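Biologist: I would like to go through the labels attached to this model and hear what each one rests on. Please give the value and the cut-off each time.

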Amino acid sequence: MDKARQAAVFALERIRRDGAWSSALGDVMKTKYGLDQRSLALAVSISLGVTQNTALLDYYIDLYSSASSKIEPKVRDIMRTGAYQLIFMDKIPASAAVNESVALCKSLGYSRASGFCNAILRRLSADKTQLPDIPGKGTAEYLSIKYSHPLWLVQYIISRRGYDAAEAFFASNNSIPDTCIQVNTLKISAQELIARLKASGIECPEHPWLPYCIVASGSVSAMDGFYEGLFYVQDPAAKCAVLAAELTPGMDILDACAAPGGKSFAAAIAMKNKGHIDSCDLHDKKIRLINDGAQRLGIDIINAFPHDARLPYNRQYDAVICDVPCSGYGVIRKKPEIRYKPQKDSAAMPPIQETILENLSQYVKPGGIIIYSTCTVMEEENECVVREFLRTHPEFSAERFTLPSGEEAENGYITFWPDIHGTDGFFVSKLRRDK
């Protein structure tokens, strides 16, 4: 039996049953099933692809089945892996996709379902070059099936951006994002790092609009210069949250929800490692991540400690970075299972966000700034929180800022979209304390 496909089914069950993050399952699959790198890559590709396309795969499985409501969850996981290989993975022979799925049914204790699985996947295989069209083109239901996003989220994004832009957003969510590494200019220039990486066989063009950012692929920790602290990984939108603060050497900074540390690192580099940064998060494990990253990068102005951002601090700061907990609907490209979170999870976020912003605003010096950011595209968690805060805090005002691309955040805030900016879906606002 193929261990890679078995590992993929295991990962899908963990995501479905336990709410596991797909990004955290690679090492687990490798160890549990003894996978080499090639087999691990296949297992990750299948499990990630199924997670991105679950509704579409189910549509075709159910289309060819008269008993779809009776398919047991694990059997459906197996059939989804087979259907994904047939529809999306041209280099895998159809016979292998079908036969291995049938073998999985038998080996995992579902022998009685193996004939059913075989029949459905063979019918799908016969039609795979001319699959029936999804009905309702031009409707939210069509996009929900085609791009495997929940109908409520599709309707929400259409209401915000219109149908065509919404489709572009969902298509982008099902793409593989670039890995963006930020140059540690405390140690090396962008051109020197590019030259080193190219010499080691890694193609790494400069980011199209963000300075000191390189687009790369492959294992980051295996790249030349990683352990020397010459770079760190950070999405361009998150980097822009720090750039909007316009930090300078010698400042006192609070990064209140800091793990895994990217914004603290960006702040320290912008400040030329001069000044003071308090980096806080809830758990000791996350604090260790920040400390380890700072040590690797040669940054010594970060003071990391566990702290709840809703509780008091004991000093005032020139700038506060407030990257609050959120629903995460901007990072579906990287965490595809987020799309399946219940809608109520998003509805529960604004009160938490408002409490954190309210608390942190007390620790901004007169004339200082607070950056409020999220990795979601939900207006209720973004613009609405900021507007309500400004309504009740006349001592603060929204401040216009400019992105490195030249785009203006005219109202003091901006939403990044993966289909427009090539970044995570992300929200950044800049608020100045006037008195």
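Biologist: What makes cysteine 204 count as buried or exposed?

Modeller: Cysteine 204 has a relative accessible area of 1%. Buried means under 20% relative accessible area, exposed over 50%, and partly exposed in between, with a 1.4 Å probe and protein chains only. Cysteine 204 is therefore buried. As to the source, this is a predicted model, in which local features need pLDDT of at least 70 and side-chain atom pairs count only at pLDDT 80 or more, while totals for chains, interfaces and linings use all residues. Residues are numbered from 1 along each chain as its sequence is written, and side-chain values use heavy atoms, with hydrogens and water left out.

Biologist: How do you know whether the sulfur of cysteine 204 is bonded to the closest cysteine sulfur or too far for a bond?

Modeller: A disulfide is a pair of cysteine sulfur atoms within 2.5 Å. The closest cysteine sulfur to that of cysteine 204 belongs to cysteine 213 and is 11 Å away, so the pair is too far for a bond. For cysteine 180 the closest cysteine sulfur is also in cysteine 213, at 4.3 Å, and that is again too far for a bond. Cysteine 180 has a relative accessible area of 7% and is therefore buried. Over the whole structure the search finds zero disulfides.

Biologist: Why is alanine 398 called partly exposed?

Modeller: Its relative accessibility is 34%, so alanine 398 falls in the partly exposed class. Alanine 398 lies in strand S9, residues 396–398; strands (E, at least two residues) and helices (H or I, at least four) are DSSP runs numbered from the N terminus. Contact means heavy atoms within 4.5 Å. Beyond neighbours within four places in sequence, alanine 398 is in contact with Leu390, Asn411, Gly412, Lys430 and Leu431.

Biologist: What makes the packing of H1 on H2 oblique?

Modeller: Helix H1 (residues 3–18) and helix H2 (residues 26–33) pack at about 135°, with axes 10 Å apart. Angles under 35 degrees count as roughly parallel, over 145 as roughly antiparallel, 65 to 115 as roughly perpendicular and the rest as oblique, so H1 is oblique to H2. The contact involves Lys3, Gln6, Ala7, Ala8, Phe10 and Ala11 of H1, and Val28, Met29, Lys32 and Tyr33 of H2. The axes are lines fitted to C-alpha atoms, for helices over the stretch in contact, and the angles run from 0 to 180 degrees between N-to-C directions.

Biologist: Why is H2 called oblique to H3?

Modeller: The axes of H2 and helix H3 (residues 37–52) cross at roughly 130° and come within 10 Å. That angle makes H2 oblique to H3. From H2 the contact uses Gly26, Met29 and Lys30, and from H3 it uses Gln37, Leu40, Ala43, Val44 and Ser47.

Biologist: What makes serine 327 buried or exposed, and what does its side chain make a polar contact with?

Modeller: Serine 327 has a relative accessible area of 2%, so it is buried. Serine 327 is found in the loop between strand S7 (317–323) and helix H15 (343–347). Its side chain makes a polar contact with the side chain of glutamate 381 at 2.6 Å. A polar contact is a pair of N or O atoms within 3.5 Å; within protein, one must be able to donate a hydrogen and the other to accept it, and residues adjacent in sequence count only if both atoms are side-chain atoms.

Biologist: Why is glutamine 295 called exposed?

Modeller: Glutamine 295 has a relative accessible area of 64%, so it is exposed. The residue is found in helix H14, residues 284–297.

Biologist: Which peptide bond is cis?

Modeller: The bond from alanine 259 to proline 260 is cis, with omega near 5°. Proline 260 is found in the loop between strand S4 (252–255) and helix H13 (262–270).
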